[in-house]
Amino acid sequence: MATKLVYDVKTKETKQVEFDYTPENPRKFEIQERLQAITVELKETDYKAIKFAEGHYTQEEYQPTLEARQALRDEYNALEKELAKISW
């Protein structure tokens, strides 16, 4: 049994859904799952980035979010590179 993070647009919540799946390449599957999770995490803080851009947050207030988002983007980029190396 595998799990997947799913973003529900109507409720604006992230849910974990279980489903039957046996991947041919487990690492590829893990990377794809993490990439999706990172995308969800970034989307969940988009509003803070917009609020900061509009001047509603100070640099000090936004800094923790900025650092967390950068770490997520760095992880995402590294995983994309790893995924590209995996033979299909």
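Predicted model: local features only at pLDDT ≥ 70, side-chain atom pairs only at ≥ 80, totals over all residues.
Colleague: Why are α1 and α3 described as roughly antiparallel to each other?

Modeller: The axes of helix α1, residues 26–44, and helix α3, residues 59–85, come within 10 Å and cross at roughly 155°. Angles over 145 degrees count as roughly antiparallel, and α1 and α3 are therefore roughly antiparallel to each other.

Colleague: Which residues make the contact between α1 and α3, and what is the make-up of this contact by class?

Modeller: On the α1 side the contact includes Arg27, Lys28, Ile31, Gln32, Leu35 and Ile38, while among the residues of α3 that take part are Arg69, Leu72, Tyr76, Leu79 and Leu83. Sorted by class, the contact of α1 with α3 has eight nonpolar, two polar and nine charged residues.

Colleague: What makes up the largest nonpolar core, and where does the largest share of this core come from?

Modeller: This core has eight residues in all, namely Ile31, Leu35, Ile38, Leu42, Leu72, Leu79, Leu83 and Ile86. Both α1 and α3 supply at least two residues of the core, and the largest share, four residues, comes from α1. One member of the core, Ile86, touches Asn25, Arg27, Lys28 and Ile31, when residues up to four places away in sequence are not counted.

Colleague: Why does Glu33 count as buried?

Modeller: Glu33, which has its place in helix α1, has a relative accessibility of 17%. Buried means under 20%, and Glu33 therefore counts as buried.

Colleague: Which residues is Glu33 in contact with, leaving aside its neighbours within four places in sequence?

Modeller: With those neighbours left aside, Glu33 is in contact with Thr3, Lys4 and Leu5. Although Glu33 and Thr3 are 30 residues apart along the chain, their C-alpha atoms are separated by 8.8 Å.

Conventions. Residues numbered from 1 in each chain as written. Heavy atoms only, no water. Axes fitted to C-alpha atoms, helices over the stretch in contact; angles between N-to-C directions. Parallel < 35°, antiparallel > 145°, perpendicular 65-115°, else oblique. Contact = heavy atoms within 4.5 Å. Nonpolar A, V, L, I, M, F, W, Y, C, P; charged D, E, K, R; others polar. Core = buried A, V, L, I, M, F, W, Y, C linked by side-chain atoms within 4.5 Å. Buried < 20%, exposed > 50% of the residue type's maximum accessible area, 1.4 Å probe, protein only.
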